[in-house]
Amino acid sequence: MHQSRFARTLRTIAGWLVVGAFFFPIYFWTSVAFRDAKDIFNWPPIIADFQPTVRNFEQVFGISFGFARDASVSPGGGNFYMGPRLWDSIVVASLSTVLAIVVATLASYALSRMNFRGRHDFVNWVLSTRMMPPVAVAIPMFFIFKQFSLLDTYVGIILIHGLMNLPLAVLLLKSFFDDIPAEIDESALLDGASRWTIFRRIVLPMAKGGIAATAVLCFIFSWTEFLFVLTLTQTGIKTVPVVSSTFVTSIGTAWGNMAALGAAAIVPAFIVILLVQRHLVRGLTMGSLKQ
C-alpha cells in the first residue's frame with residue numbers, strides 16, 4: 001500500500017512537471033507581451049516580478065485601454081498596427097476550414113461507402129498529395145493565381161488553404177465514416193431512404209465528433225500557414241504568421257509587440273477548440289474500440 005501510494009505521488013509529480021514544461025513557454029511568451037523593453041531584456045530573466053503594461057497591445061491594435069496615454073498609439077496607424085491582419089487570419093482560417101470540411105465530408109463518405117474501380121488507388125493518391133512539400137508548388141501556384149487575378153485576395157488564400165487541408169480532412173473523415181457500421185446505411189436503404197437522406201440525417205450526426213476534430217486541425221493548420229500567404233500576397237492581405245516577420249527591423253526586434261500579437265493570435269484558436277470540445281474528445285478517440 002505504501003509503495004503504491006508512493007508510486008501514485010511520483011506519477012503525479014512527474015505529470016505536473018511535464019505540464020509545466022509544456023506550458024511555461026506559453027506563459028513566458030504571454031508575459032513578455034505585458035512587459036516594457038527594460039523588463040524583456042533584463043538578465044537574469046524576470047519570471048513574475050515585473051510591472052505589467054498594456055502598451056504593446058495598444059500599439060499593435062491601435063486602441064487605448066484607458067490606463068495611460070501613449071503618444072505612439074494611434075488608431076489605424078503606426079508601424080506595428082496589426083488589427084486588420086488578425087482579422088485577415090480569422091477570415092481565411094474560418095472560411096478555408098468550412099470549404100475543406102464541406103468538400104472532404106462528401107468525398108470521404110463516398111470513399112467509405114461506395115465501391116468503385118480504383119478506389120484504393122485514389123486514396124493512395126490523396127495521401128501522396130499530403131506528403132508533397134508546399135514549397136514544391138508555391139511558385140507554380142503564384143503564376144496560376146496571377147493568371148486568374150487571385151493574387152492578394154481573400155478568395156485566393158481561402159482556396160489555397162482549403163486545398164492544402166483537403167487531403168488531411170478526407171483521410172481523417174474517411175476513417176471516422178469507416179467506424180460507423182455500414183449496416184445502418186443498408187437498413188435505411190431497405191426502408192426507402194435515399195443515400196442523401198442517410199448521409200444527412202443518420203451518418204453526419206453520428207460522425208460530428210470526427211468532423212469537429214478534423215475542423216480544429218484544419219483551422220490550426222490554416223492559422224499557422226506561412227509559405228503560401230507569403231508567396232500569394234503582396235500588400236492587401238497578410239495573416240499573423242507573415243506579419244510577425246515585420247517586427248524584425250533594422251534597429252532590432254520589437255519583442256513586446258510581437259509577443260502581444262502572438263498572445264492575441266492564440267485566443268481565436270482557443271475559442272474554436274472550446275466551441276467543439278464536447279465533440280473533440282469523442283472524435284479523437286473514434287475507432288479506438290472495436291466491437
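## An aromatic cluster

Tyr 109, Phe 177, Trp 196 and Phe 199 are joined into a cluster by ring pairs. Rings of Phe, Tyr and Trp (its six-membered ring) pair if their centres lie within 6.5 Å; planes under 30 degrees apart count as stacked, over 60 as edge-to-face and the rest as tilted. By this rule the chain has ten aromatic pairs.

This is a predicted model, in which local features need pLDDT of at least 70 and side-chain atom pairs count only at pLDDT 80 or more, while totals for chains, interfaces and linings use all residues. Residues are numbered from 1 along each chain as its sequence is written, and side-chain values use heavy atoms, with hydrogens and water left out.

## Two ring pairs

A pair of aromatic rings is described by the distance of the centres and the angle of the planes. Take Phe 34 and Phe 57. Their ring centres are 4.9 Å apart and their planes stand at 45°, so this pair is tilted. The pair links distant parts of the chain, 23 residues apart. Phe 34 is in the loop between helix H1 (2-32) and helix H2 (37-40), and Phe 57 is in helix H3 (residues 55-61). Helices (H or I, at least four residues) and strands (E, at least two) are DSSP runs, numbered from the N terminus.

How much of each ring residue is covered? Burial is judged by relative accessible area: buried means under 20%, exposed over 50%, and partly exposed in between (1.4 Å probe, protein chains only). Phe 34 has a value of 29%, so Phe 34 is partly exposed. Phe 57 has 12% and counts as buried.

Tyr 109 and Phe 177 form another aromatic pair, and this one is edge-to-face. The distance is 5.7 Å centre to centre, with 80° between the planes. Tyr 109 lies in helix H4 (residues 83-113) and Phe 177 in helix H7 (residues 154-178), so the pair ties together parts that are 68 residues apart in sequence. Both Tyr 109 and Phe 177 are buried.

## A charge over a ring

The charged end of Arg 130 sits over the Phe 221 ring, 5.3 Å from its centre. The rule asks for NZ of Lys or CZ of Arg within 6 Å of the ring centre and within 35 degrees of the ring normal.

## The chain overall

The chain has 14 helices and two strands. Of its 291 residues, 38% are buried. Its accessible surface comes to about 17,400 Å² (Shrake-Rupley method, 1.4 Å probe; for residues, only the protein chains shown count as cover). Carbon and sulfur atoms hold 69% of that surface.

Contact means heavy atoms within 4.5 Å. Among contacts in the chain with a separation of 6 or more, 69% join residues 24 or more positions apart.

## Helices H10 and H13

Helix H10 (residues 208-224) packs with helix H13 (residues 255-275) at an angle of about 170°, with their axes 10 Å apart. Axes are lines fitted to C-alpha atoms, for helices over the stretch in contact, and angles run from 0 to 180 degrees between N-to-C directions. That makes H10 roughly antiparallel to H13. Angles under 35 degrees count as roughly parallel, over 145 as roughly antiparallel, 65 to 115 as roughly perpendicular and the rest as oblique.

H10 brings Val 216, Phe 219, Ile 220 and Trp 223 to the contact. H13 brings Ala 265, Pro 268, Ala 269, Val 272 and Ile 273.

Asn 257 is also found in helix H13. Asn 257 is buried, with a relative accessible area of 6%. Leaving out residues up to four places away in sequence, Asn 257 touches Asn 56, Gln 59, Val 60, Phe 80 and Phe 247.

## Loop residues

Gln 51 sits in the loop between H2 and H3. Its relative accessible area is 60%, so Gln 51 is exposed. Gln 51 touches Phe 34 and Asp 39, not counting residues up to four places away in sequence. Gln 51 and Asp 39 are twelve residues apart in sequence and 8.4 Å apart in space, C-alpha to C-alpha.

Most residues other than glycine have a negative phi. Ser 149 has a positive phi, near 55°. Ser 149 is found in the loop between helix H6 (135-147) and H7, and is exposed at 59% relative accessible area. Asp 152 lies in the loop between H6 and H7, and its phi is positive too, near 60°.
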